[in-house]
Amino acid sequence: MAPTLRRSTRISSKTVTVNPESDLKTKKTPIAKVKKGIKKETIVKKEVTEETKELEIGDLIPEYLNLENQDGKELNLLKLAKDSKILVIFAYPKASTPGCTRQAQGFRDTFEELKSQGAVVVGLSADLPKSQTSFKLKQNLQYDLLCDPKREFIGLLGAKKTPSSGIIRSHWVFVDGELKFKDLKVSPEQSVSKANDEVKQLAK
């Protein structure tokens, strides 16, 4: 069964700075409630658009994004992220290659520490379930490996190496489905250490 990916219309956030004094002078309806003694207020708005190219900090995982894991089970990533509270996704170019093995082993060896901080880890590549299963079993990985053979989610995360092929080794950290950290072009060791540091920051 091939993985399916459907794009959500919930995309990015823009920051709007509101000047309550200006709103009051022009008698326009204020965007937010004006509190005494506050000169400016910042409001975050979620826009609806179909033109998403890449998730940025503050964006949500698309609601209808589904991928298969190594067992061929389809997972909804937004649900997974919200259920996990803190979700670490790391991308690797190809299962069972040297650098990808070191990256996967690093997350395996720090799995319990991440779990103690309330984080769930998943791997991501363009490999099919059979290759992911072999990789998971051979390396004794405790976490799921997601399959994205068309690199659609990988592209949305900004980790396509070229338009036609390849994956940039990277990782992302989400809280309740919202992107908090985005680290592209990292070494296997950097991916593991930085992700651990970022989870610790979020768990404080």
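This is a short tour of a predicted model, one selection at a time.

**Stop 1: two helices**

Select residues 98-109, helix α3, and residues 188-203, helix α7. Their axes come within 8 Å and cross at roughly 20°. Angles under 35 degrees count as roughly parallel, so α3 and α7 are roughly parallel to each other. The crossing of α3 and α7 is right-handed.

Now show the side chains where the helices touch. On α3, pick Gly99, Arg102, Gln103, Gly106 and Phe107. On α7, pick Pro188, Glu189, Ser191, Val192 and Ala195. Colour this contact by class: 4 residues are nonpolar, 4 are polar and 2 are charged.

**Stop 2: the aromatic rings**

Keep Phe107 of α3 selected. How many aromatic pairs does the structure hold? There are 5.

**Stop 3: Lys85**

Go to the loop between α2 (77-84) and β5 (86-91), and select Lys85. The phi of Lys85 is near 70°, a positive value in a residue other than glycine. Is Lys85 buried or partly exposed? Lys85 counts as partly exposed, because its relative accessibility is 45%.

**Stop 4: Arg151**

Move to the loop between β7 (145-147) and α6 (152-156), where Arg151 is found. Arg151 is not a glycine, yet its phi is positive, at about 60°. Buried means under 20% relative accessible area. Arg151 has 7% relative accessibility, so Arg151 counts as buried.

Key. Residues are numbered from 1 along each chain as its sequence is written. This is a predicted model: local features need pLDDT of at least 70, side-chain atom pairs count only at pLDDT 80 or more; totals for chains, interfaces and linings use all residues. Side-chain values use heavy atoms; hydrogens and water are left out. Axes are lines fitted to C-alpha atoms, for helices over the stretch in contact, and angles run from 0 to 180 degrees between N-to-C directions. Helices (H or I, at least four residues) and strands (E, at least two) are DSSP runs, numbered from the N terminus. Angles under 35 degrees count as roughly parallel, over 145 as roughly antiparallel, 65 to 115 as roughly perpendicular and the rest as oblique. A crossing is left-handed if the near helix is turned anticlockwise from the far one by less than a right angle, and right-handed if clockwise. Contact means heavy atoms within 4.5 Å. Ala, Val, Leu, Ile, Met, Phe, Trp, Tyr, Cys and Pro count as nonpolar, Asp, Glu, Lys and Arg as charged, and the others, Gly among them, as polar. Rings of Phe, Tyr and Trp (its six-membered ring) pair if their centres lie within 6.5 Å; planes under 30 degrees apart count as stacked, over 60 as edge-to-face and the rest as tilted. Buried means under 20% relative accessible area, exposed over 50%, partly exposed in between (1.4 Å probe, protein chains only).
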